Amino acid sequence: MSILELKNVTKQFGGLTAVGNVDFVVEKDSIFGLIGPNGAGKTTIFNLITGIYKVTEGEILFEGKEINSLEPYQVAEMGITRTFQNIRLFKKLTTYENILTACHYNARYTILDSLVRSKRFRVEEKGLLDQAGELMDIMGLGDRKDVVAGNLPYGLQRRLEIARALALKPKLLLLDEPAAGMNPDETIRLMELIKEIRSRFNLTVLVIEHHMDLIMGICEKIVVLNFGRKLAEGTAQDVQANPKVIEAYLGEEEVVVC
Amino acid sequence: MDWFYIKGILILSGINLMAVLGLSLLTGFTGLFSFGHAGFMAIGAYVTAMMTIKFHLPFIPSLLIGAMGAALASLFIGRLTLNLKGDYFCIATLGFGEAIRLILDNVQYFGGARGWPGIPMYTNLTNVVILDIIGIAILVNLIRSRHGRNMKAIREEEMASQTIGINVFRYKMIALAISAAFAGVAGGMLGHYLGFLQPKMFQLIKSTELTIIVIFGGLGSISGSVIGALVLTSLPELLRTFAKWRLVVYGVAVVFIMITRPQGLMGGYEITAGNIKKLISRLASFGRPRQQTIGGDKE
Amino acid sequence: MSAFFQQLINGLSIGSVYALMAVGYSLVYSIMNFSNFAHGGVIMIGAYIGFFSMTAFKLPFTAAFCFAAFGAGILAVAIERIAYSPLRKRNAPFLYFIISAMGVSIFLENIIIASPIGPTFRTYPRVFSAAPFNIGGVNIGRLDVTMFLISAISLAVLVFIIEKTRTGMGIRASAYSLRASALMGVNTDRIILIVFGMGGFLAGIAGILFGMKYTVYPQIGNITIKSFIAAVFGGLGSLPGAVIGSVLLGIIETFTSGYLSSQFRDLIAFVLLIFILVVRPKGLMGKITEDKA
């Protein structure tokens with residue numbers, strides 16, 4: 001069963017085509033990889049899915065419903081959330097507050113409830129606090145509760161950003177280069193983490209990555225982009241064997257190495 | 001210095017505090033910068049005075065109507081500018097503040113530029129203190145809820161806020177409307193304290209002074225705003241000779257705070273029972289820190 | 001009919017000086033993405049430099065003009081160094097820039113009030129004869145013509161610098177993306193200084209022209225509100241937009257005060273602002289870009 005479907009999606013900036021006629025289908029509960037050289041349009045696709053950009057042409061379907069005209073917060077309400085390539089935490093809030101803020105979605109009390117501290121407020125707020133605490137522990141951030149997010153080590157900032165995204169109880173999680181700047185050891189732990197949260201939270205993961213090991217190791221299906229267009233699609237083996245991919249992507253890296 | 005004089009300063013501080021609390025929510029907690037709060041104060045002041053004088057309503061209901069007037073005006077500005085990227089909101093509030101003053105200058109019904117005398121002096125220290133306490137309670141309860149947290153998130157990182165499902169535009173509007181309502185109440189209290197209103201009282205410099213107080217107290221700190229309002233309103237009153245240089249010093253101080261200590265006096269911290277306890281225990285252990293850690297190690 | 005042309009010329013000349021201010025503001029906005037609310041202070045200081053050059057130092061108009069322009073340019077650069085550059089270095093949020101700018105503006109206005117110069121209104125000595133030109137039955141003030149010509153020439157020079165020189169290319173690139181330009185080897189620190197310098201230079205010219213047209217006083221910088229509104233009118237961050245917006249605003253204002261009432265002259269700018277925000281928020285020439293994630 002598919003959870004996300006891109007149909008003929010095109011995004012133009014002025015005359016420049018950042019993404020052209022891309023279509024792919026993400027199966028529910030899978031880990032799906034999006035790779036390609038710099039400037040291939042990967043992040044642009046994330047921005048289109050999350051409603052930060054509006055598509056020029058084409059359709060994006062989530063659970064069969066069109067979402068390309070929704071505002072980013074509405075996309076989040078549908079059950080899609082993401083992390084950013086250049087980490088975007090609430091830097092001056094603590095680790096706990098970062099997660100607690102994102103939990104807001106699971107409470108429904110009004111401003112008036114909070115002003116008079118109604119019963120509804122107290123019950124729901126307690127629920128949020130518990131949920132945030134639980135997430136902190138699951139993500140191994142429990143001992144950094146009161147650390148200001150901006151002061152966390154880099155690896156933990158990435159982890160916190162994922163934790164914050166999970167607070168929404170999403171159905172689809174988009175990870176934009178989660179292993180950027182990590183050493184091989186950290187990358188392996190991140191792979192384990194992604195697999196674990198997938199099964200634990202019962203969600204689908206769409207990941208952009210440059211670390212080939214990570215992509216090849218965890219993704220059931222991969223789409224390769226180049227110059228905004230889909231170059232290849234398939235399993236890790238399919239993609240690795242595809243001559244077009246080797247030429248455009250892996251080949252390029254070989255040249256750099258020489 | 002007699003009690004009457006001190007009382008006057010306290011009342012003025014309390015009135016300023018009300019406006020500062022509102023601005024604190026907008027600038028300190030939501031990260032929006034307004035040049036138009038003097039305009040919202042003016043609307044509150046004139047609407048409240050109209051309610052008590054022309055419609056003979058009691059003071060408190062009149063204040064509430066004044067607050068609503070200010071909030072409605074703010075929603076109008078917000079509707080037009082808060083969903084645009086860039087400094088549109090800033091410039092629109094700047095223009096708005098000036099426009100309100102120009103309009104009031106020409107409305108003869110309210111006395112025009114010459115002013116509007118004979119406003120009943122309902123404001124006294126008791127109701128100022130009570131209203132301020134209610135104002136602080138509202139703000140504290142709002143900040144310590146999911147709604148307040150959403151506003152802080154917007155201040156920190158707008159795009160991430162959206163992707164965790166926060167309707168940024170809506171929360172900015174809410175923060176703006178509440179903020180303007182506070183300014184409106186402050187305006188209403190001011191008119192009924194002085195017994196006189198004049199458009200000149202609500203010049204651009206009034207808006208900037210309110211912002212300075214918020215910055216001085218520390219962006220994102222309610223206790224900082226309270227201390228800031230009390231100190232910065234009374235200090236120049238007490239040091240009359242200093243008056244001429246006051247704004248010069250303010251200007252330098254604002255730049256200095258921004259480039260050295262942008263967190264202001266309180267640095268985003270609050271004075272709460274818990275924080276005071278923590279501070280005291282830290283101070284108490286200050287004399288013998290080494291001993292304690294050694295003891296801890298042995299265990 | 002001649003009254004109509006007089007109003008038009010009057011509006012053009014006021015509008016062209018608005019353009020000088022709006023362009024300086026827009027230049028900074030397009031590169032640093034924040035509203036430099038200290039711009040009014042720079043204009044005011046320019047007006048005072050021009051005034052005292054001509055009165056206390058008895059210098060000719062041309063010398064006073066140069067002093068005002070260069071003095072204001074240097075001041076703008078100094079403001080950047082003192083009040084903005086430390087914020088830039090540590091990537092502070094834009095809110096801090098705006099607040100810092102506000103601090104500078106309060107300081108400049110009140111240092112003049114508190115100093116021996118004081119809050120009094122001062123009138124420039126007469127440079128141009130009051131006798132108007134008469135062209136085909138239309139009387140045109142010499143000062144108005146001068147204001148228009150000086151503004152137009154200054155803007156033309158600015159356009160030349162931005163469009164035809166290497167520095168100008170750096171400015172255009174930085175306006176597109178400051179970070180990308182830095183990565184491509186553009187010395188953005190230098191570009192920012194140049195932009196502030198040019199903005200200040202134009203502000204100094206605007207200051208001396210406004211000083212001659214009206215009077216000099218510490219709050220004369222508040223007139224920049226008009227240029228901010230003109231910049232929104234034309235499209236925030238767009239230079240041609242700022243010029244067109246300013247000229248239109250100048251003309252609309254003069255006609256309002258000529259045909260309706262001078263009371264409404266200052267209000268019309270705000271009405272226009274609301275109108276443009278309702279009808280076309282991106283302004284006449286502007287483009288609202290999508291945020292990059």
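Predicted model: local features only at pLDDT ≥ 70, side-chain atom pairs only at ≥ 80, totals over all residues.
Trainee: Let's start with chain A. Which domains does the assignment give for it?

Mentor: Glad you asked! The assignment gives domain 1 of chain A as 1-79 + 170-258, and domain 2 of chain A as 87-169. Taken over C-alpha atoms, the centres of these two domains are separated by 27 Å.

Trainee: How many residues are in contact between domain 1 and domain 2 of chain A?

Mentor: Contacts here mean C-beta atoms within 7 Å. Nine residues of domain 1 of chain A are in contact with eight residues of domain 2 of chain A. On the domain 1 side, helix α7 (residues 184-201) of chain A gives the most, with three residues. By class, that side has seven nonpolar residues, one polar and one charged.

Trainee: Now the strands. What sense does the pairing of β1(A) and β4(A) take?

Mentor: Strand β1 (residues 2-13) and strand β4 (residues 57-62) of chain A pair in the antiparallel sense, over five bridges. In that pairing, A:Leu6 has A:Ile60 of β4(A) as its bridge partner. β4(A) also pairs with strand β5 (residues 65-66) of chain A, again antiparallel, over two bridges. There, A:Leu61 stands opposite A:Glu66.

Trainee: Which residue takes a positive phi in the hairpin of β4(A) and β5(A)?

Mentor: A:Glu63 does, with phi near 50°; the hairpin has two residues between the strands.

Technical notes:
Residues numbered from 1 in each chain as written. Chains lettered and ligands numbered in written order. Domains from an automatic or database assignment. Contact = placed C-beta atoms within 7 Å. Helix = DSSP H or I, 4+ residues; strand = E, 2+ residues; numbered from the N terminus. Nonpolar A, V, L, I, M, F, W, Y, C, P; charged D, E, K, R; others polar. Pairing = 2+ DSSP bridges.
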